[in-house]
Amino acid sequence: MQPLRPYGCRGFSVILRRDHIAAAALILLGIAVFLLGHDLPFGTPASPGPGMLPTLVAGLMLALAVALLLMSGSSPPFATLEWDDLPHAVIVVVATSAAAASYTVLGFPVTIGLLLFGLIWGIERMPIATSLAISIGMTGATYMLLKSLLKQPMPPGIFGF
Amino acid sequence: MGTTIDSLMLGFSVAFQPDVLLYAFLGCLVGTLVGVLPGVGPLAGISILLPVTFGLDATKAIIMLAGIYYGSQYGGSTTSILMRIPGEASSVMTCLDGYAMARKGRAGAALAIAAVGSFVAGTFGILMLTLLAPPLASFALRFGPPEYTALLVLGLVFLAYMSSTSLVRTLLMACVGLLLGCVGIDVMSGQFRYAFDLKELADGVGIVPVAVGLFGLGEILSTPSRKVQGEVMQPKFSELMPTRDEWRQSAMPIARGSVLGFLVGIVPGSAHIISSFMSYAIERKISKTPEEFGTGAIAGVAGPEAANNAASTGAFVPMLSLGLPTGPITAVLMAALMIHGVSPGPQLVTEHPKVFWGFIASMYVGNLMLLLLNLPLVGLFVSVLRIRYAYLYPIIIMFCIIGVYEVNHSLIDVWIMLIMGVVGYFLRKFNFDPAPLVLGLVIAPIFELSLRQSLVMSGGDYLIFAQRPFSAILFAISGLLLAMSV
């Protein structure tokens, strides 16, 4: 594996490691907390304000992230991480996002039924009859359990149920 | 002691009446159901059934509602073990080794140990409640904001000390959790913080969406169906139960968890949730095989489950003895008592002995009912694992969405769950343990309030933490643990 070579640096190389990325992300998070909360008053020791704890914790997190960065030599190279589960993760995220976006529009039964059928038959390529049976059965049973037995209000959606 | 026994006999005479037994059973059954369903927690179950109790007398009402509370602790472990979906923060630690045991074909053993551990811890807690309620409640009253701050700092440092990952990584996750807990309205000033003008975030980020996202959805994102070997598990009945070795390995964790959980539970406030975290950390640290934790160590299930149940019993001590609610659930239970004309507090024992002792006696009965209810269902629950993963994970996603939405009927919670699922996926990739993040989120509101109140009390003098003996002791222990970790 070829290490990164900064331009103009001969004989100096840095291997991008897993903890480099993690530390960088946490440093960015800490800076974001400072920027987003810049208008929160820190207060005084006798009267601490709403900005005190976020500021202190973000500062601690930045210090720890720098420590992680300095200790990152022992972590594995980033290029060795396996990402073969990423396509599956993306599909699940997209499907769940679609379900969340349509939950109160289409209503519980239609949204959940489509989610189950889409994943089981569309993505996992299970037999269509079994996929339909499970999708309809689970949706109906859960709807009855929550609506009738537990009296939980369910979003009706455009179809009225 | 003789008076206590006589009073307990009075309580049992109330608890064993057929109609009282029926309401205890109903409460336990509903509690188990709400515990099994992620998102529909005991608070929802108690609130839904509260109007049903209007026609009952105070004894039956409080017995049924309390049954929902401790019944849900039993049920919450089921989805944690079978699907890695924690119903509440107190079930989070069971997800780690409980689910790993299920993947190894030991789901039945995990469920059985969780049920028995809960029974033992619950019985221990009730016994302690019977004997020690008044003096323990007086001790708990001495907990002021400085002691709370010190206790919560100790909880975080303890977790970092006991963690198998590095101190830096654990504390980083705890910091992320604390920052998440700062989202919403600041309780002291009323100012919105990090809410991006979303009114749904006024109450902050919920524990359930975060926990379900990190553990439930995060696990699914990391596990495509081709990675799951599709062997159908059809265990014999004898294989559903723990082996003699597993019973032996669980005994001391259950004992330790029971004591730890009860002591933490009697402290007013939601700090009792940290009992399961602390129990897990202790068991991993003292185990001869700590490398097994996270891969299916029975002690990782037994200890936290026992601590969880003992803490929920301990939470009744301040409620019954002093009329102090320890959290929203005990607050609703107190409201139920007041609706029925019974004022909880020091006078409850003398003015309404049948209610007080009937309630305690019914907890013994209810605890036994839950064991008898849950153990035979182990086989039924384990049969869920026979479902092919390609069918199972979409169903789990369905429960995640429904459960999270039903907490506050807010789509924002569903989006938070999804975001935390993605976060959980990347935390796994980068070798971070998500449990400290959840702990940080849980304790953030109490921690911040206690810290700021302490400083207001002292006029800004941080020495208040050293001047109060119990606070000083707790901070000294924290410092020692930190020094030993470095």
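What distance separates the centres of domain 1 of chain A and domain 2 of chain A, taken over C-alpha atoms? The two centres lie 39 Å apart. Domain 1 covers 18-80 and domain 2 covers 86-149, with bounds from an automatic or database domain assignment.

The model is predicted: local features need pLDDT of at least 70 and side-chain atom pairs pLDDT 80 or more, whereas totals for chains, interfaces and linings use all residues. Residues are numbered from 1 along each chain as its sequence is written, and chains are lettered from A and ligands numbered from 1 in the order in which they are written.

Chain B contains 23 helices and 2 strands, these being DSSP runs (H or I, at least four residues; E, at least two) numbered from the N terminus. Of its 486 residues, 59% are buried, that is, with 20 or more other C-beta atoms within 10 Å of their own, the C-beta atoms being placed from the backbone.

Two packed helices are described by the angle between their axes and the distance between the axes. H4(A) and H19(B), the latter spanning residues 389-408, pack at about 155° with axes 9 Å apart; axes are lines fitted to C-alpha atoms over the stretch in contact, and angles run from 0 to 180 degrees between N-to-C directions. H4(A) and H19(B) are therefore roughly antiparallel, the term for angles over 145 degrees. Among the residues making this contact are A:Leu115 and A:Leu119 of H4(A) and B:Tyr391 and B:Met398 of H19(B).

Key:
A residue is buried if 20 or more other C-beta atoms lie within 10 Å of its own, exposed if 12 or fewer, and partly exposed in between; C-beta atoms are placed from the backbone. Angles under 35 degrees count as roughly parallel, over 145 as roughly antiparallel, 65 to 115 as roughly perpendicular and the rest as oblique. Two residues are in contact if their C-beta atoms, placed from the backbone, lie within 7 Å.
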